[in-house]
Amino acid sequence: MKSPYNDAEVIALDGVSKRYFLNPQRMGELKTALLHLPTFLKASRARQEFWALRDVSLTIRRGEAVGIVGPNGAGKSTLLRIVSRLAPLTKGKLTVRGRVSPLLELGAGFHPQISGRENAILNAVLLGLSRKEAKEKLGEIAAFSELGDFIDQPMRTYSSGMYVRLGFAVAVHVRPEILLVDEVLAVGDAEFQRKCFDHIEKLRQDKVTIVLVTHDLESVKRFCDRAVLLNHGVVAAEGKPREVVDEYLSRHFEFSASPTSRGDS
Amino acid sequence: MAAAWTASYRQLAERLSLAQLARTWDLLLLMSAREVKLRYQETVLGFLWTMAKPLLLALVFAFALNYVLRIKDPGGAPFVLFLLSALFPWTWFQSSIQFSAASFSNNAPLLKKVYFPRFVLPLSAVTSQLFHFVLSIPILVVLLLAWDYVPGPQWLLGFPLLVAIQFLMLAGLALLVASFNVFLRDLEHLVEVLMMLWLYLTPIIYPLSAVEARLGKVVYLNPMASLIQAWRDLFLYDQLPGLDIWPAVAFAVVALVAGHIVFRTLEGQFEVAL
C-alpha cells in the first residue's frame, strides 16, 4: 500500500520527556493504605522522580532504518514505548504517521485456550488490520510461521518456539508502516532468526520505517542507515551507525578506537 | 505550503477516523466472540450452559420464593414468568459489571504490549453478556406461550429501546469499575457483594408494589427499579416503557459521562499501575 507520506517525517519527537516515579503512588491494597495512613501519605509525597527521557528531539523519515543504542537504563525501551503510544509523555510533542507494529514482545495477548488461527486474527486486528484483511492474511501468516496443522490447535499445546513464530508472523504481516523492534530477534532457532531478518530486510525495501533497539552493535552497523546513542535519557550522539557505535564504545568501555569491532562488509 | 499541510492533515484525519471506527468495531466483535467462546469452553454441556444456567437459577429462586416464602405477582401472572421477566435482564446487568471489573487488570500483558482502543475490553464483557441475554429470550417466550401469554408487537419497539438504555448504562458502569479496579483490585471483590445487595434492593424477586407501599417514591431512587419494572411490563403485559423510566435514562447518561471521564483520566496511569 502506498503511503501518502513519501519521504516525509513519519516519527517526530519534539522535546519529549518522560518521568516515572520510583515508588509510584498506588492505592495498592486498601487495607495497607488505611492502616498506615500517615506513612502512606508521607511516602506518596516523598516519591522520587526518575526521568527516563529528557528533552529528546528526533525525526525519522519514511523508509529509514534507525538503530537505538545505549547502556541499560538509557531510555531505549521507553523511547519505543512512547512511539508505540503505550507510555504517555510527560512533556513535549510526538507525531507518528502510519500504522505502527511493535515487535516488543511477540504474541502478547495470545490466549492459550483458543486456536492459533483465532489468536492470529485477533492479534492482527489488535495491531491495526480490519477483520477482513486479517482473514486474507491468514494464509501467509500460517505459512510463514510453519505451524502446519497446529494452527487449528489451542495454543496451550504449542511449544515456546511455535508461540514466538506465530507472534512474529502476525507482527510482520499486518502491513506495518513503522516497525519497532526491541531485542526480540534473539528467539527461535538460527534458521528462523535468519528468516525473520530476511523478512525485515524485505519490509525495508518496501520503504517500511524501522526502529531497532538492540545491544547487538554489529547488526546496527550492518543494517541501519542511522544510529542514535541514548545515555541517561538524553541523545548523546546521532549519525552514521559506525560513528555512533564507536562513540558508544569509547564512552562506555573506554576503548579509544573500538578495537573489538571487526571490519564490517 | 501551510494549505497543503492542512489538506493532507485533514485527509489523514478522515482516513484515520473512519478506518479507526471500523477497526474498533471489528475488535469489539472479535473480543466479545472470544469471551462467549471461552466462557463455557471445555465443559460437557458447552454452549447449552448459556440457556441452562439462567433456567436453573430460576428454578432455585422459584423454589425459595414461591414455594417457601409464598411471594406472588400482584398482577396475577404465574410466578416463574413474573420472576424470569426481571431476572434475565438483571443477569445481563450483574454479570456484565462483574466480568468487566477485572477486564483491564486481567489483560495486563496485552495492555502493556500493544496500543489499541482499550475501552473495547470492558465493553466486550457487556456485549458478550448481551449475547447470552438475547439467547435466554427464547426460553422466556416458550414459557410465556405455555401460559398463553402471547408476545405482542410492542416487543419490536420496546425490546431494542430497553436494550439500548441498559447497554448505555452498562457501558458507563463497566468503564468506571474496570478503570478504578486497575488501581484498587479490592473493587472486583467488593462489586460482587454490592451486586448482591443491589439485587435485593431491586424489585426482581418481589413486586415493586410490595416496597412502594412502605417506602413510597424512594424506591425510584434506584435506577434499576424503573428499568426492571419496564422489562417486566413489556415481557408480561406488552406495555411500552412510559415516562416513568426517566431515572434509568438519567442514570445511564450520568454513568456514561462519568465512565468516560474516569477512563480518560486514569488511562495514562495504566502503564505504571498494571
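Let's begin in chain A, where helix 3, residues 76-83, lies across strand 1, strand 2 and strand 4. The helix runs at about 120 degrees to strand 1 of chain A. Before going on, please keep in mind that this is a predicted model.

Now to the strands under discussion. In what order do the three strands of this open sheet in chain A come? The order is 2-1-4, and the pairing is antiparallel. Strand 2 and strand 4 of chain A are at the edges with a single partner strand each, so one side of each has no neighbour in the sheet. On average, and ignoring direction, neighbouring strands here are turned by 20 degrees against each other.

Let's take the two pairings in turn. Strand 1, residues 9-21, and strand 2, residues 49-61, of chain A pair in the antiparallel sense over nine bridges. If you'd like landmarks to click on, Arg19(A) has Trp51(A) in strand 2 as its bridge partner, and Ala12(A) has Thr59(A), also in strand 2 of chain A. As for strand 4 of chain A, residues 91-96, five bridges join it to strand 1, again running antiparallel. There, Asp14(A) has Lys93(A) as its bridge partner.

Over to chain B, and a pair of helices. The axes of helix 3, residues 79-101, and helix 6, residues 154-183, of chain B come within 8 Å and cross at roughly 25 degrees. With the cut-off for roughly parallel set at under 35 degrees, that makes helix 3 of chain B roughly parallel to helix 6 of chain B. The crossing of these two chain B helices is right-handed. On the helix 3 side of chain B, the contact residues include Pro89(B), Phe93(B) and Ile97(B), while helix 6 of chain B brings, among others, Leu170(B), Leu173(B) and Val177(B). By class, that contact has nine nonpolar, four polar and no charged residues.

Finally, how do the chains meet? In this model, 24 residues of chain B are in contact with 28 residues of chain A. On the chain B side, the elements giving two or more residues are helix 1 (2-39), helix 4 (108-113) and helix 11 (270-273). Which of the chain B elements gives the largest share? Helix 1 of chain B does, with nine residues. By class, the side of chain B that touches chain A has 13 nonpolar, three polar and eight charged residues.

Note on methods:
Residues numbered from 1 in each chain as written. Chains lettered and ligands numbered in written order. Predicted model: local features only at pLDDT ≥ 70, side-chain atom pairs only at ≥ 80, totals over all residues. Axes fitted to C-alpha atoms, helices over the stretch in contact; angles between N-to-C directions. Helix = DSSP H or I, 4+ residues; strand = E, 2+ residues; numbered from the N terminus. Parallel < 35°, antiparallel > 145°, perpendicular 65-115°, else oblique. Left-handed = near helix turned anticlockwise from the far one by under 90°. Contact = placed C-beta atoms within 7 Å. Nonpolar A, V, L, I, M, F, W, Y, C, P; charged D, E, K, R; others polar. Pairing = 2+ DSSP bridges.
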